[in-house]
Amino acid sequence: MKAYAAVDLGASSGRVMVGRVGPDSLELAEAHRFPNRPVRTPEGLRWDILALYAGVLDGLRAAGPAVDSVGIDSWAVDYGLLDADGALLGNPVHYRDARTEGVAEKVWATVPAGELYASTGLQYAPFNTLYQLTAARDSAQLAHAERLLLIPDLLSYWLTGEQGTELTNASTTQLIDPRTRDWSYDIASRLGIDLGLFAPLRQPGDSAGMLRAEVLEETGLSGPVPVTVVGSHDTASAVAAVPAVAERFAYICTGTWSLAGLELDAPVLTEASRAANFTNELGLDGTVRYLRNIMGLWLLQECVRAWGEPELGELLRGAARVPALRSVVDAGDAVFLAPGRMPERIADACRGSGQPVPESRAEITRCILDSLALAHRRAVDEAQVLADHPVDVVHIVGGGTRNALLCQLTADACGLPVVAGPTEAAALGNVLVQARAHGLVGDLAGMRGLLARTQPSTRYEPQGGTARWRAAEARLAAR
């Protein structure tokens, strides 16, 4: 067996996991977990990238001394800017920062929204890298920048001294053509975005270099240790770890966000797809992640934070006793994007749509879970129609697999069986791409077969029919 360190950075925490892979075995253990706390500065909301890098080094130290490779995945769209000496020009801006408000309309005045979608296949989200770069156009940092590195590529550069732009994450910038799997040079040119800022594209499985001598000394790892390019967008790694044994499946990657959709061979670039706000991001082995972004467990995380961190299990037990579908909100609504006052904002949304206003913590929690399940249903149903790709089962991976109530509600809402697991899907996908690069596993189907044989899962059968969910969907649409 060989040991692979998977650096997996989420929007609220980071972790370094160690995967041990053999011909028919796959084990995963946590080496180190650390918080990811954004900082609000006078300039706006920023990532504490130095604290994240310190967490990575601490994790590699805990993973050692013998590691055969390292891979890094993280959230998408955000980046760091480097000067001519390769030094970071400032803390990366957080995607929830307000600087992109109103920017999309300026972009669409040059490249209409329909044309932009037909060229890049990316859903509208105010924080897409394209809008961030447009917002930063007149900034001193961008004027002095010689290189732009997306977050996992930045950390990889600090570990190895080598620069690159991993493709699955680059596809979230809204500057990649999903048909050619290369930069959309025409779009970038028309919007005045210099693609020369980006390091050369590289694919999952490529080499990202070797750990620098200083990193080996600081972590105590026995060198040489290669860094392997993985699906560096955490959703790309998570989808690679969906333990599907047939092609007719949908997936929901759950965590701070819910990413719900299908794995396809080609993008869907129709106007109907754009109107439904589905995105075409790139996955492993020529695949397309056709999905919709849903606000996800962020809604509950923010409520828990506002309530002073009560015990989650008790909240869920209380929510299970609340009548189903009493009140629902649109879990994809941008009104919930910013942090702060989440319980009040959910109550306001229910009040504004003429529904009963949830008041207790249990009622608000149930409203969130019902709303997420309803959003999952809508995304899975619409994706099947838009892509002409029917499914028989829904796979839930990520942190939401621990939430049995959400998994059962999703099965009920979709009217399909739900298979929940693995929880650490992004880290497992990260590990398996490293293992494949070193010849230990085969193609994507082989990776998934190994996951299905070695990782626990729970199956939820739909209960109660979908009529009440259709009624709730109609009620929400009519507001």
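In the predicted model, aspartate 285 adopts a positive phi near 55° within the hairpin formed by strand 17 and strand 18, where five residues lie between the strands. The two strands run antiparallel and are joined by four bridges, with leucine 282 having valine 288 of strand 18 as its bridge partner. Along strand 17 (residues 279–282), Thr279 and Glu281 point one way whereas Asn280 and Leu282 point the other way, and all are buried.

The largest nonpolar core comprises 167 residues, and those with the most contacts inside it are Val70, Leu130, Leu175, Leu211, Leu299 and Ile346. Helix 15 (residues 361–387) gives the most to this core, contributing twelve residues. With residues up to four places away in sequence left out of the count, isoleucine 346 touches Cys303, Val329, Phe336, Pro358, Ile364, Cys367 and Ile368.

Across the whole structure, 28 salt bridges were found. One of them pairs aspartate 24 with arginine 453, the closest N and O atoms being 2.7 Å apart; because aspartate 24 lies in the loop between strand 2 and strand 3 and arginine 453 in helix 18, this pair ties together parts that are 429 residues apart in sequence. Arginine 33 forms a salt bridge with glutamate 424, with the closest N and O atoms 3.0 Å apart. Arginine 33 lies in strand 3 and glutamate 424 in the loop between strand 20 and helix 17, so the pair ties together parts 391 residues apart in sequence. Glutamate 424 is buried, at a relative accessible area of 16%, whereas arginine 33 is partly exposed at 35% relative accessibility. Both residues belong to a network of salt bridges that links Glu30, Arg33, Arg402 and Glu424.

Note on methods. Residues are numbered from 1 along each chain as its sequence is written. This is a predicted model: local features need pLDDT of at least 70, side-chain atom pairs count only at pLDDT 80 or more; totals for chains, interfaces and linings use all residues. Side-chain values use heavy atoms; hydrogens and water are left out. Buried means under 20% relative accessible area, exposed over 50%, partly exposed in between (1.4 Å probe, protein chains only). Two strands pair if DSSP finds at least two bridges between them. A nonpolar core is a set of buried Ala, Val, Leu, Ile, Met, Phe, Trp, Tyr and Cys residues joined through side-chain atoms within 4.5 Å. Contact means heavy atoms within 4.5 Å. A salt bridge is a side-chain nitrogen of Lys or Arg within 4 Å of a carboxyl oxygen of Asp or Glu.
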